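Please view the sequence and the structure together while reading.

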Amino acid sequence: MATIPTVLITGASRGLGLEFARQYARDGWRVIACARNPAGAPELEGLAADSKGQVTVHALDVEDQSQIDALVRQLDGAPIDVLVNNAGSMGRETFAEKGPATQRFGQTDYEDWLRILRVNLLAPMRLAEAFVDNVAASEQRKIVTLTSIVGSIGQSRFGGLYAYRSSKAAANAVMKALSVDLKGRGIIAVPLHPGWVRTGIGGPRGELDVETSVTGLRKVIAGLTASDSGRFLQWDGRELPW
Ligand SMILES: NC(=O)c1ccc[n+]([C@@H]2O[C@H](COP(=O)([O-])OP(=O)(O)OC[C@H]3O[C@@H](n4cnc5c(N)ncnc54)[C@H](OP(=O)(O)O)[C@@H]3O)[C@@H](O)[C@H]2O)c1
């Protein structure tokens with residue numbers, strides 16, 4: 001009998017993370033859904049309640065190493081086929097409200113920038129270091145991080161967004177390095193751009209709905225092979241420039 005694959009998703013309370021949880025659950029995966037405040041995520045709680053144990057919800061603020069360590073202990077070496085570093089933040093200014101004027105030159109909030117770096121950059125590294133043995137013990141052995149085309153230096157089309165774009169560009173660099181360091185353990189590491197999606201971060205004018213984006217991302221993830229590790233891919237499988 002084939003083993004049921006397992007996915008761990010951060011930031012599963014809403015947006016793309018919640019949709020990842022829904023779609024993987026629908027396809028019969030075991031879903032370890034992490035949210036920093038499960039009580040404030042009724043849709044996720046409902047998904048878990050209806051799942052007969054297939055979806056479990058775990059309190060996880062990705063900035064908090066002690067919570068990450070506690071989850072490592074709780075999972076006790078259970079294999080994780082796909083680790084989805086989805087949790088992300090644009091800080092106190094949102095693209096949804098201000099568009100490209102977000103984080104404009106001359107108006108930098110450095111404390112906010114540091115928080116964005118903790119969520120978008122340090123957390124994917126923390127999660128990779130914490131759960132590398134779980135991923136290595138699985139069949140599929142994949143670590144993906146939702147970065148952004150905004151973090152592409154080669155395809156930068158507008159200014160502003162200093163904190164967010166630098167966090168995502170650096171996260172891309174981290175994923176590239178992970179692809180090299182974890183190759184020997186058979187782990188595939190890729191940064192993924194979900195498209196411009198109608199969520200809290202993308203805002204209501206985004207080009208894609210969550211279902212379309214996550215359907216595409218899951219197809220990309222499912223098709224990843226060792227030769228894809230370290231590539232920067234978007235939701236429809238196209239490769240993006242660094
Ligand atoms: N939407 C787009 O157009 C777009 C484009 C490129 C990249 N992305 C990336 O896609 C990912 C998902 O974002 P989204 O579009 O779904 O936005 P979203 O609807 O705003 O969701 C963001 C998620 O991240 C979680 N989060 C934030 N800080 C966290 C922390 N410290 N610990 C744990 N969870 C935390 C939020 O949890 P709470 O509910 O607790 O706040 C929420 O679940 C992000 O990494 C984002 O940068 C999105």
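Does Asp 228 count as buried or exposed at 11% relative accessibility? In this predicted model, Asp 228 counts as buried, because its relative accessibility of 11% falls under the 20% limit. The residue is found in the loop between α7 and β7 (233-234). Its side chain makes a polar contact of 2.6 Å with the side chain of Arg 231. Apart from neighbours within four places in sequence, Asp 228 is in contact with Val 190 and Gly 223.

**Ser 213**

Helix α7, residues 210-223, contains Ser 213. Ser 213 counts as buried because its relative accessibility is 0%. A polar atom of the Ser 213 side chain lies 2.8 Å from the backbone oxygen of Pro 194. When residues up to four places away in sequence are not counted, Ser 213 touches Leu 16, Pro 194, Val 197, Leu 208 and Trp 235.

**The ligand site**

The ligand is surrounded by 28 residues, and the closest are Ser 13, Arg 14, Arg 36, Tyr 164 and Thr 199. This shell divides into 11 nonpolar, 12 polar and 5 charged residues.

| Residue | Protein atom | Ligand atom | Distance |
|---|---|---|---|
| Arg 14 | side-chain N or O | oxygen | 2.7 Å |
| Asp 61 | side-chain N or O | nitrogen | 2.9 Å |
| Gly 200 | backbone N or O | oxygen | 3.2 Å |

On its own, the ligand has 900 Å² of accessible area, of which the protein covers 94%. The elements that give two or more residues to the shell are α1 (15-26) and α6 (162-181).

**Helix α6**

An α-helix has 3.6 residues a turn, so residues three or four places apart point the same way.

Notes:
Residues are numbered from 1 along each chain as its sequence is written. This is a predicted model: local features need pLDDT of at least 70, side-chain atom pairs count only at pLDDT 80 or more; totals for chains, interfaces and linings use all residues. Side-chain values use heavy atoms; hydrogens and water are left out. A residue is near a molecule or strand if one of its heavy atoms lies within 4 Å of it. A polar contact is a pair of N or O atoms within 3.5 Å; within protein, one must be able to donate a hydrogen and the other to accept it, and residues adjacent in sequence count only if both atoms are side-chain atoms. Accessible areas come from the Shrake-Rupley method with a 1.4 Å probe; for residues, only the protein chains shown count as cover. Helices (H or I, at least four residues) and strands (E, at least two) are DSSP runs, numbered from the N terminus. Ala, Val, Leu, Ile, Met, Phe, Trp, Tyr, Cys and Pro count as nonpolar, Asp, Glu, Lys and Arg as charged, and the others, Gly among them, as polar. Buried means under 20% relative accessible area, exposed over 50%, partly exposed in between (1.4 Å probe, protein chains only). Contact means heavy atoms within 4.5 Å.
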